[in-house]
Amino acid sequence: MTNQSNQIYDNLANEKLSKLFWRYALPAIVGTVVNTLYNIIDGIFIGHWVGKSALSALGAVLPIMNLSAAIGMLVGVGSASRISIALGQKNHQIAEEIAGTSFILTLLLSGSVAILLLVFLKPVLMFVGASDVTYPYARDFLQIFLPGGLFLTLCFNFNNMMRACGYPFKAMITMLISVVANIILAPLFILVLGWGMRGAAIATIISMVISFVFVMQHFINKKSDIRLRRKNLKLRFDIAKSILSIGLAPFILVLTSSAVVVLINFQLHHYAQISQISGDDAIAAYSNANRLILFVAMIVIGLTQGMQPIIGYNYGAKNLQRVTNTLFYTIKVATVMTFLGFLVSFFFSKTLVALFSSDPDIVALSATALRYVTLGFTFIGFQIVATSFFQCIGMPKQAILLSLSRQVLLLIPALWLLPMFIGFNGVWLAAPIADTLSAVITAFLLYYQLKCFHQRFKV
C-alpha cells in the first residue's frame with residue numbers, strides 16, 4: 001500500500017467531518033450534475049432548433065435512457081459500496097477482484113439490454129409514450145444511443161469506484177471532460193451539420209467514450225492502488241451477487257422511475273385530450289419540468305456519493321459514531337438543497353422552462369407542471385440520503401423498501417386515482433403527495449435502525 005493510500009484511509013477515519021465530506025461531495029456533485037447536463041443540453045438544442053415534436057420525443061425516450069443509468073447504478077453503486085467496505089477491512093485483493101467482476105458484469109448486462117431494445121424498438125417506444133409524430137425522432141436518437149450506451153454504463157460504474165478508492169477530484173475531472181466535449185459537439189452535429197436527433201446522440205456517445213478512456217487510464221495505471229488486472233477479469237458469482245444485492249436498490253429506484261414516467265406519459269395523453277390539450281405538448285412539458293427536477297435531485301445524489309466512501313469505510317472499520325455523524329450532516333445539507341430547489345422552481349418556473357422552448361403553449365404548460373410537481377420537493381433530499389445510507393452499510397432490503405415506497409406503493413396509485421377526481425392537474429399533484437408520505441415512512445425506518453445501532457454498538 002502506498003503512502004498516499006495510507007493518508008487517504010487515515011483521512012476517512014479521522015479528518016474533520018465537514019472538510020472531508022465536502023472534499024468528496026463537491027466533485028461527486030459535479031459528476032452527477034454533469035450527467036444531467038447531457039439531457040439539458042440536448043433539450044435546449046433540440047427544443048429550439050429541431051422542433052417541439054423532437055422535444056416531445058426526448059420525453060418518450062427518457063424511460064429508456066433511464067434504463068441505461070439504472071444498469072450503471074446496479075453495478076456501479078454496488079461495486080463502490082463493496083470496495084469501500086473492503087478497504088475499511090484492509091482487504092485490497094478483494095477490492096481488485098470486485099473491480100474485475102464489475103467490468104464483466106457491466107458488459108453482460110448493458111450489452112444484453114441494448115440488443116433486446118434495438119430488436120423491439122418500435123413497440124417499446126410506442127409503449128413508453130411515443131406517437132406516430134414523435135416516433136421517427138425517438139427512433140433516430142436511440143438507434144445511436146443504445147449501442148454506445150455501453151460506454152456510458154462503464155464510465156458511470158468505474159467513476160463510482162474511483163471515488164470509493166479515494167480519488168474524488170479525478171472522478172470529477174472524468175465527468176467534466178465529457179460534458180465539455182458534449183457542449184462542443186452537440187451544436188456542431190445538430191446545427192452545423194444538420195444531423196438533428198442523430199447528431200445529439202452521436203455527440204453524447206463520443207463524449208462518453210472520451211470520458212471512459214480517461215477513467216480507465218486510472219485503473220490500468222501501475223501506480224494506482226486498486227487496479228483492473230487481467231487475472232481479475234472474470235465473473236465471480238459470489239462477488240457479482242454481493243454487488244447486485246447492494247446495487248439492486250438504486251436499480252429498482254431508477255427502473256420504477258422509468259415505469260412511472262411511462263404511466264405519467266399515458267395519463268398525460270389521456271387527460272390532456274379530455275382537457276383539450278395536445279398530448280405531445282403535455283409530454284414535452286413534463287419532460288422539461290423533469291429535467292430541472294432531476295438537476296436538483298442529482299445534486300443530492302452527488303451528496304450521497306460524497307458520503308458513501310466515508311460511511312462505507314467507517315462502517316467496515318466499526319467506527320459507528322462517525323457513521324451516524326456523517327449521515328446526519330448529509331441529511332441537513334440535502335434538505336437545504338431541496339428546499340432551495342423548491343423555492344427557485346416555484347417562483348422562477350417560466351424563466352427556467354423557457355430554456356427548452358420558445359413555444360408559448362409549452363412554456364406555460366411546463367411552468368405549471370414545475371410548480372405543482374415540486375410542492376413536496378423539500379422532503380426528497382432526506383429520502384434519498386436515507387436510502388443511500390442503507391446501501392452504504394450493506395442493508396439492501398431496507399434500501400429496496402425505501403426505493404419502492406415512493407414509486408410503487410405511493411406514486412403509482414396516486415397517478416391513477418387523483419386524475420379521476422380532479423382531472424389533468426391530478427397527474428402533477430401525485431408527485432408531491434408521494435414525496436411527503438414516503439418521507440414519513442423513511443423517518444420511521446431510519447429511527448428504528450439507528451435505535452438498533454445504539455443498542456448493538458453502544459453508540
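E97, R236 and D238 are joined up in a network of salt bridges, a salt bridge being a side-chain nitrogen of Lys or Arg within 4 Å of a carboxyl oxygen of Asp or Glu. This comes from a predicted model, where local features need pLDDT of at least 70, side-chain atom pairs count only at pLDDT 80 or more, and totals for chains, interfaces and linings use all residues. Residues are numbered from 1 along each chain as its sequence is written, and side-chain values use heavy atoms, with hydrogens and water left out. As for pLDDT (the predictor's confidence in each residue, from 0 to 100), the protein chain has a mean of 85.

R236 sits in the loop between α8 and α9 (237-274) and E97 in helix α4 (residues 92-119), so the pair ties together parts 139 residues apart in sequence. Helices here are DSSP runs (H or I, at least four residues), numbered from the N terminus. E97 is buried, at 15% relative accessible area, while R236 is partly exposed, at 26%; buried means under 20%, exposed over 50%, and partly exposed in between (1.4 Å probe, protein chains only).

Another salt bridge pairs D435 with R406, again at 2.3 Å, N to O. D435 belongs to helix α16 (residues 425-457) and R406 to helix α15 (residues 396-422), 29 residues apart. D435 is buried, at 2%, and R406 is buried too, at 14%. By this rule, the count comes to 6 salt bridges.

Terms used:
Helices (H or I, at least four residues) and strands (E, at least two) are DSSP runs, numbered from the N terminus.
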